[in-house]
Amino acid sequence: MTNSRFRLPAGAYRRMAFVCVGFGLLILWYSVANRIPVVTIPNPVMPQLNAFDVYVSAGNAVTGEKQIQDAVGSKPTVSYSLEQKQALVRQHEDVVNMLHKGFAYPYLNPPVRSFRTLLPYYKSFRGLARLLLLRGQVRAEKGDWSGATDSYLDAMRIGADIPHGSPLIGALVGINCQSVGRKPMWNAVEHLNAAQSHVVLTRLTNIMQRHLPFADSIQEEKWQGQAALLEIFQGSTKPDSHRSADDSESEALAADSGYYLVWSKKRIMDNYTGYLDASSKLARQPYALHLHAPPVPKDMFNQVIAPVFLNSRLKDVENETQNGLLLVTLALHAFRLEKGHYPKSLTELALATLRKLPDDPFAVQGTFKYFRDSKSYVLYSVGPDGKDDGGTPIDSPKEAVSSIPNSRYTVRQNSVGDVVAGINIQ
């Protein structure tokens with residue numbers, strides 16, 4: 001006889017079955033969500049003779065970085081005489097000779113495929129650029145303007161090389177090194193004769209041709225980020241004193257196994273890959289189209305580690321613009337020395353001095369704008385807003401920083417006006 005006291009209520013067995021099935025599905029989903037995604041991350045074949053290795057050796061050989069910074073006027077705490085500057089330059093002649101040997105080799109940055117990879121060489125590359133700036137300043141103070149521009153162009157050369165094979169940080173360091181060498185070039189132009197101007201034109205043209213498309217830097221950033229995500233998912237990363245706050249936050253998320261119940265590892269990786277691919281595609285379009293940047297994925301991993309490229313893309317486009325304006329300025333200077341006057345148009349300049357006019361990177365198409373005035377000329381790019389303001393320079397006195405000379409003329413994303421050669425210098 002069945003004991004009714006142990007009989008389950010009607011429907012209880014069904015509810016228990018639902019709970020068991022639900023629990024099983026939850027376990028199955030977690031196992032799927034926690035599965036390590038499969039991605040293909042290429043590793044390039046490195047050149048046997050790589051300028052990167054030479055640059056690293058040269059950068060490590062630079063001594064007295066603080067003295068060099070003070071000597072070139074980068075927030076100086078001590079005033080240096082010409083004799084003291086010359087002594088610093090002589091101290092590093094072997095470094096410069098080593099660097100020049102590296103110019104004969106192709107440059108490719110070793111691929112960065114781990115969060116744990118330290119990148120101290122980028123700092124030493126900036127130190128090299130400042131050393132070359134100091135060398136140029138010493139030559140200029142002695143009246144050797146041709147030698148000065150040669151040193152400034154050396155800094156621009158390493159700046160153009162550094163982004164090759166580098167993630168985003170390398171692209172930005174390269175832009176900084178080019179700026180270090182380019183800024184004093186504006187003052188040096190007027191001191192060159194026609195023959196010297198043509199030599200500088202040729203070398204600057206070659207440097208500009210080494211420019212790596214910004215989209216390629218985003219591609220390298222994608223591969224670095226994918227490799228880092230795999231490390232995090234596999235739990236192979238270890239916090240240390242060199243890790244960034246973003247890295248530590250990512251690891252904290254990775255340790256929260258319940259997070260993958262909401263966002264699977266594959267979905268996080270797909271989100272990151274899709275975002276970087278969309279950003280790379282956008283970077284191949286003209287800046288002047290002002291296309292909307294893809295939204296950063298909403299999962300917390302991507303909110304922490306996915307880079308935002310708007311300001312970096314602006315720096316890259318402005319760097320190209322400044323190089324192009326400097327190139328045309330040099331050509332105009334050579335034209336005037338040879339013809340006795342400035343050309344009526346840039347077309348006339350191209351026929352006489354330049355093989356090809358550079359494009360205006362801020363314009364959808366076409367070269368820079370130019371017109372003669374009563375004394376000289378005005379040469380300009382249409383700037384970030386893509387509008388021709390007739391040569392009215394970007395000027396934001398309210399955004400000026402007292403410790404940075406001429407910061408009122410800094411080019412920003414929301415700047416209105418044109419990037420005028422000789423005024424909006426970066």
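Modeller: Let's start with Thr273, which has its place in helix 12. Helix 12 covers residues 265-283. Before going further: this is a predicted model, with pLDDT of at least 70 required for local features and 80 or more for side-chain atom pairs, while totals for chains, interfaces and linings use all residues. Numbering runs from 1 along each chain as its sequence is written, and side-chain values use heavy atoms, with hydrogens and water left out.

Back to Thr273. Its relative accessible area is 18%, so it counts as buried (buried is under 20%, exposed is over 50%, and partly exposed is in between, using a 1.4 Å probe and protein chains only). Setting aside neighbours within four places in sequence, Thr273 is in contact with Lys222 and Gln226, where contact means heavy atoms within 4.5 Å. Helix 12 also holds Ile268, and that residue is buried, with a relative accessible area of 0%. The C-alpha atoms of Ile268 and Asn302 are 7.3 Å apart, although 34 residues separate the two along the chain.

His290 has a phi near 50°, a positive value in a residue other than glycine. Its relative accessible area is 42%, so His290 is partly exposed. Another case of positive phi is Asn406, at about 60°, and again this is not a glycine. Asn406 belongs to the loop between strand 2 and strand 3, and at 56% relative accessible area it is exposed.

Three strands form an open sheet in the order 1-2-3, with antiparallel pairing. Pairing here requires that DSSP finds at least two bridges between two strands. In general, strands of a sheet pair through backbone hydrogen bonds, either parallel or antiparallel. Strand 1 (369-372) and strand 3 (419-420) are the edge strands, each pairing on one side only. Strand 1 pairs with strand 2 (residues 377-381) over four bridges, and a hairpin of four residues joins the two. Tyr370 has Leu379 of strand 2 as its bridge partner, while Arg372 stands opposite Tyr377 in strand 2.

Lying across strand 1, strand 2 and strand 3 is helix 14 (residues 310-339), which runs at about 155° to strand 2. For such angles, axes are lines fitted to C-alpha atoms, for helices over the stretch in contact, and the angle runs from 0 to 180 degrees between N-to-C directions.

Helix 14 also packs against helix 9 (residues 194-209), at about 160° and with the axes 9 Å apart. The two helices are therefore roughly antiparallel (over 145 degrees; under 35 is roughly parallel, 65 to 115 roughly perpendicular, and the rest oblique). Helix 9 contributes residues including Leu201, Leu204 and Met208 to this contact, and helix 14 contributes residues including Leu327, Leu330 and Ala334. By class, the contact has eleven nonpolar, six polar and one charged residue. Here Ala, Val, Leu, Ile, Met, Phe, Trp, Tyr, Cys and Pro count as nonpolar, Asp, Glu, Lys and Arg as charged, and the others, Gly among them, as polar.

Nine nonpolar, two polar and two charged residues make up the contact of helix 6 with helix 8.

Finally, the whole chain. The protein chain has 15 helices and three strands, and buried residues make up 49% of its 426 residues. Of the contacts with a separation of 6 or more, 74% are between residues 24 or more positions apart.
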